[in-house]
Amino acid sequence: MRRRFRTVERRSEGYIDQVEIRSRRVQMADRYKYTLYTYFRSSCSARVRIAAHIKGIPLEYKYIHLVKGEQHEPEYTAHNPSESVPTLVVTDAQSGEIVTKIRQSSAILEFLEETTPDLPKLLPPSDDPVGRAKVRELVNIIACDVQPVTNLRVLNFIKPFNLDAKDWQQHFMTLGFRAYEELAKQYSGKYSVGDDLTMADCALAPAIDGALRFGVDVQGGFPHIWKVWENLKVVEAFKKGRWDNQEDTPQELKTKE
């Protein structure tokens, strides 16, 4: 039997008052300031944007244009030697001192989860280690098997070899989605793991956007992933965090209201 768990957002329907949730979010905002270095097309950045919207954590954005190579500028590499996005800078709201810098999206998601225990959860409870492992397993399929071999850095590297970028993207995205689909058959309900939003959904949604961009037949080839996607598309946090709804999204690509 699939174990269900409830996020604070769902508990708010009858278990925790919305006023109390808003109060907790204000307390977090008073304690820390969060600055996210991001790029509108970056699926890794989108994971963090979506998670922050789910939790109600306010982010200040600084935009790094990857196509223009701004990630290689010394001013940015001082923050992130990997020359990639995202980077989350956490600052003490009172003293202004930097508390930490985190440079990988999965680590950022875990940090936000661990440091905001009173905000909506993106992992099952600690007494459900199997459920937590399922979520992390799916996150890692996207973060380790799909995204690294399909990012801009790799596409730029293969250009001299006369490989078709679209074929490359479709091949590796399909391999990763095939694995995710098999596990989604077992784990998914409304969302990737059961009926509550998790980190897995934060990772999956931007990956689907990328797959659709490069012509992967997600609907026809991966029905369980597509079912989850259809449910995620209507969630406000996912709308706000998507690539086509950012300040640095070119106007011609922005969501048409």
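Reader: Which side chain meets Glu-60 in a salt bridge, and at what N to O distance?

Author: Lys-33 is the partner, with N and O 3.2 Å apart. The two sit in distant parts of the chain, 27 residues apart: Glu-60 is in strand 2 (residues 60-63) and Lys-33 is in strand 1 (residues 32-38). The general idea is simple: side chains of opposite charge can pair when their charged atoms come close. The cut-off used here is a side-chain nitrogen of Lys or Arg within 4 Å of a carboxyl oxygen of Asp or Glu. As for strands and helices, they are DSSP runs numbered from the N terminus, with at least two residues (E) for a strand and at least four (H or I) for a helix.

Reader: Before we go on, what sort of model is this?

Author: It's a predicted model, with local features needing pLDDT of at least 70 and side-chain atom pairs counting only at pLDDT 80 or more, while totals for chains, interfaces and linings use all residues. Residues are numbered from 1 along each chain as its sequence is written, and side-chain values use heavy atoms, leaving out hydrogens and water.

Reader: How many salt bridges does a search of the whole structure find?

Author: Seven. Another of them joins Glu-113 to Lys-55, with the closest N and O atoms 2.9 Å apart. This pair also links distant parts of the chain, 58 residues apart, with Glu-113 in helix 5 (residues 105-115) and Lys-55 in helix 3 (residues 43-55).

Reader: Where do Lys-185 and Glu-182 lie?

Author: Both are in helix 8, three residues apart, or about one turn of the helix. Lys-185 counts as partly exposed because its relative accessible area is 44%, and Glu-182 is partly exposed at 41%. Salt bridges can also share partners: that is how Lys-33, Glu-60 and Lys-62 are joined into one network.

Reader: What about packing: at what angle do helix 9 and helix 11 pack?

Author: Axes are lines fitted to C-alpha atoms, for helices over the stretch in contact, and the angle between N-to-C directions runs from 0 to 180 degrees. Helix 9 (residues 199-213) and helix 11 (residues 223-232) pack at about 105°, with their axes 10 Å apart. So helix 9 is roughly perpendicular to helix 11, going by these classes: under 35 degrees roughly parallel, over 145 roughly antiparallel, 65 to 115 roughly perpendicular, and the rest oblique. Among the residues that meet are Leu-204, Ile-208 and Leu-212 in helix 9, and Trp-226 and Trp-229 in helix 11. Contact means heavy atoms within 4.5 Å.

Reader: Which residues is His-79 in contact with, leaving aside its neighbours within four places in sequence?

Author: Tyr-37, Thr-87, Val-89, Lys-101 and Arg-103. His-79 itself is in the loop between helix 4 (74-77) and strand 3 (87-92), and it counts as buried because its relative accessibility is 17%.

Reader: Which peptide bond is cis?

Author: The one from Val-85 to Pro-86, with omega near 10°. Pro-86 is in the loop between helix 4 and strand 3. Glu-83 is in that loop too, and it has a positive phi of about 55° although it isn't a glycine.

Reader: Where is Asn-162 found?

Author: In the loop between helix 7 and helix 8. Asn-162 has a positive phi of about 55° without being a glycine, and at 73% relative accessibility it counts as exposed. Leu-163 is in this loop as well, and is partly exposed at 44%.

Reader: Which residues make the nonpolar surface patch?

Author: Phe-157, Phe-161 and Leu-163, covering about 350 Å². Patch residues have over 30% relative accessible area and no salt bridge; like charges are joined within 9 Å, and nonpolar side chains (Val, Leu, Ile, Met, Phe, Trp, Tyr) within 5 Å. The areas come from the Shrake-Rupley method with a 1.4 Å probe, and for residues only the protein chains shown count as cover.

How values were computed
Buried < 20%, exposed > 50% of the residue type's maximum accessible area, 1.4 Å probe, protein only.
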